[in-house]
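Please examine the sequence and the model below.

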Amino acid sequence: MSAPKTGARTLLVTQKLSTIGELSCNPSIGGVGKGHIVREVDALGGVIGLGGDYAACHYRVLNRRKGGAVRGWRVQADRGRYRDFIQNYVANFNDENDVMRMRSGKGAGAGDGDGWRGRLDVLEGSVEDIVVDSSTGSTPSITAVKISVTDPTTQSTETHTIPTSSCVITTGTFLRGVIHLGKSRYSGGRHLDDSEEVEPPSVGLADTIKKLGFKIGRLKTGTPPRLIKSTIDYERLAPQPSEDPFYFHHITEYLKSHRKGLGDINVDAQRPPLISCHLTRTNPETHKIVRENFHQLPDYDVPGGVGPRYCPSLPKKVEKFGDREGHNSFLEPEGFDSDLVYPNGLSGPFPEEVQLAILRTMEGLGAVEIKRPGYDVEYDFVDPSNGALDRTLEAREVCEGLFLAGQIVGTTGYEEAAGLGVVAGANAGLVGRARSDGRDRTEATSFVLDRKESYIGVMISDLTGGFERVTEPYRMFTSRSEYRLHLRPDNADVRLSMPGSPAAKAGLVTHTHGGDVHNGGDVHNDNVHNDNVHNVGDVAIAKSGDVARRVHLCKEFKLPLTDWESIFREANGKANLILDPKALKKLEGMGKNVPGKTAFEILKMPGTTLEDVENAMARTFEERGEKNEFLRSTEFNYVAIESEIKYSSYMEKQIREARRMEMGGEVFAVGSIPIPESVRWDRETFNGFSGEELEKFEKVRPRTMGEARRIEGVTAASMERLLSVVRARTDTENKERRRRWKEEEKEKERRARGIAI
Ligand SMILES: Cc1cc2nc3c(=O)[nH]c(=O)nc-3n(C[C@H](O)[C@H](O)[C@H](O)COP(=O)(O)OP(=O)(O)OC[C@H]3O[C@@H](n4cnc5c(N)ncnc54)[C@H](O)[C@@H]3O)c2cc1C
């Protein structure tokens, strides 16, 4: 949906209109790293966050006890509600402006409302082929797409050729898709809404893509069985109730936090009571049946099948972690009123009777019945590495105007697909618009996100900059970023939606006041209290100004250390939060000479929270008879302010280290540093490396730091560790070389003297 926002006339083609917004697998959105992407997509005007908020039936923040940067926002969504919401959004895209759409509960985007009208068309049909012009220059360019459309009444099919200068292909798991269930296999991209019906695979398009010269691979993914809720014995299972709601959509979060009128956007008021999930567990009996039936697993096109490493199937878990007594599985309902439940993490495409036998060994599932067995789908994907796609996601070297996004480029998950979709859609729109305006495509603006500013940028750089071809589905984790303290869910809007940002330049976000942010960081500016927050861009301006003001206030506010300690003790009941009894006694003896500390410095100390500091400040202001309206942070900006202060030194260090590695651009400045051949890729040398990293390093045996960086799945922290090992090893080897050289020189001298004698 980002293409029409750039001003391009856009046609959305899909095989079945009724599947727009279909969540193919488990209806959950977010998680660690993935939740970050959802917030970023929302900050770029995308719709996954809004849909998630609207459809959420169960909330959870993973890593809640850790810092704001690594918390994973995850919702369990009601499958039907999510689909309805997205379909409504698409259907109303041209009719109503941003705010109207939001207020009427039909979804919102960030944009200029009226300007989008009439730019989006939607067509039910199958893209069979793309038409390419190879006559003009060295690189072919796209000129049209061929779409077959079936008349629903007569069932006759016609092929239409629609001219275009740019096209985004997002066929997910459909390219030459094959569904596996035990030893039986049949063509299909996925099963429809947990039913027997299968959506047809995309074969014509797969042939064209292959002919264009892309490197094609084959991956697989799987989904667990759907269970009939009434056959589960919940009495025997521990419930996992929902946590309090949060909001992926920045505008809802802002309005809620400032207690402004929400109208129909008040998702909390619209939805039924939140649901609970329940915990069960596999056991030795389960694993025994799994082992006994390994031979019934599918014969994949790639032996063993290549699936998502971080979402392994049950047979993979049993095979890999054979020593474990069991694996947890949350039973997650498909929605508020749904009679279907799926056991999370228990995919495994055994024949249906084996799946049933496996499930019935587990607590609470002794009499369970399956509505639809779990299955795997194996599909073609296009390897985006080695420059096959550039950072706009255009396959420029292969076919100008052709963009690819989503699972087709080897990612896994709705969130990754949404992040790539925004970028590819915007760039295809910018190219299309330039062409239709009669401009050369080189004059089109590009919408590029950097590693420093977003996880989407990290993902695109990881996928397209790869040296070693993608060998398994890519999943986002916070450890993939070298700037993770800065790339937090709480500041996605400030990072991506400010005036002058790439998103603003591309037309994805707008600002009510035309982006006037001269006072954004001014302590006296009161724009956070104005009512003109209509776009995510306005929220970003309000937040950045507000956070800057409050951080400034914390830097200005100073008290003697002993006063901080006594206020903490009296007001918050927290004794010795910043001073141990011995230090306190010593300072108390210093009278007026006790050193002072600012609120900023106090908050950087371990154990203190923003709330502690604000309580102390409020008390002091009250005693002095002063008022300060910026004193109390709101839910909306609490994490942002606390993180900006608490982690300020770490953030500076992280930025310094990342700059040293210079991975911000695509250039890896230390890339040419050779890795000594003597380096052993084992646990002894690289203690903190993951099994995946060691496995890949051992396989690739990179010769330079640059080659190491471009291996998929290698985290920024591991690169730092590798650099220090390389430096230490190189130092030792250089010393050894120097020592040997000196000895040889001495030897030569001795010999020369001997000869002279
Ligand atoms: C069985 C299964 C299990 C999965 N398991 C997981 C999992 O465990 N973890 C995880 O993170 N993700 C999983 N996913 C992946 C997740 O669903 C996808 O990553 C995400 O939906 C990808 O989005 P997409 O936009 O790339 O493609 P999709 O959501 O698959 O959408 C592709 C769309 O393209 C349409 N289409 C295809 N070919 C054509 C054509 N020729 N012409 C017109 N339209 C066409 C299709 O009709 C479909 O609407 C699973 C998917 C499936 C199918």
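The model is predicted. It holds zero disulfides. Cys-399 takes part in none, since the nearest cysteine sulfur, that of Cys-167, is 8.8 Å away, whereas a disulfide requires sulfur atoms within 2.5 Å. Cys-399 counts as buried because its relative accessibility is 0%.

Thr-411 is found in the loop between β22 (402-404) and α12 (414-436). With 0% relative accessibility, Thr-411 is likewise classed as buried. Its side chain reaches the backbone oxygen of Gly-406 at 3.3 Å. Beyond its sequence neighbours up to four places away, Thr-411 touches residues including Tyr-379, Glu-416, Leu-420 and Tyr-474.

Glu-416 also takes part in one of the 46 salt bridges. Its partner is Lys-34, with N and O 3.1 Å apart. This pair links distant parts of the chain, as Lys-34 belongs to helix α2 (residues 34-43) and Glu-416 to helix α12, 382 residues apart. Both residues, Lys-34 and Glu-416, are buried.

Arg-176 and Asp-380 form a further salt bridge, at 2.8 Å from N to O. Arg-176 lies in the loop between β9 (167-169) and β10 (178-181) and Asp-380 in strand β21 (residues 375-382), so the bridge ties together parts 204 residues apart in sequence. Arg-176 is partly exposed at 25% relative accessibility, while Asp-380 is buried at 6%.

Glu-623 is exposed at 59% relative accessibility, and Arg-619 is partly exposed at 27%.

Key
Residues numbered from 1 in each chain as written. Predicted model: local features only at pLDDT ≥ 70, side-chain atom pairs only at ≥ 80, totals over all residues. Heavy atoms only, no water. Buried < 20%, exposed > 50% of the residue type's maximum accessible area, 1.4 Å probe, protein only. Helix = DSSP H or I, 4+ residues; strand = E, 2+ residues; numbered from the N terminus. Polar contact = N/O pair within 3.5 Å; in protein donor to acceptor, adjacent residues only side chain to side chain. Contact = heavy atoms within 4.5 Å. Salt bridge = Lys/Arg side-chain N within 4 Å of Asp/Glu carboxyl O.
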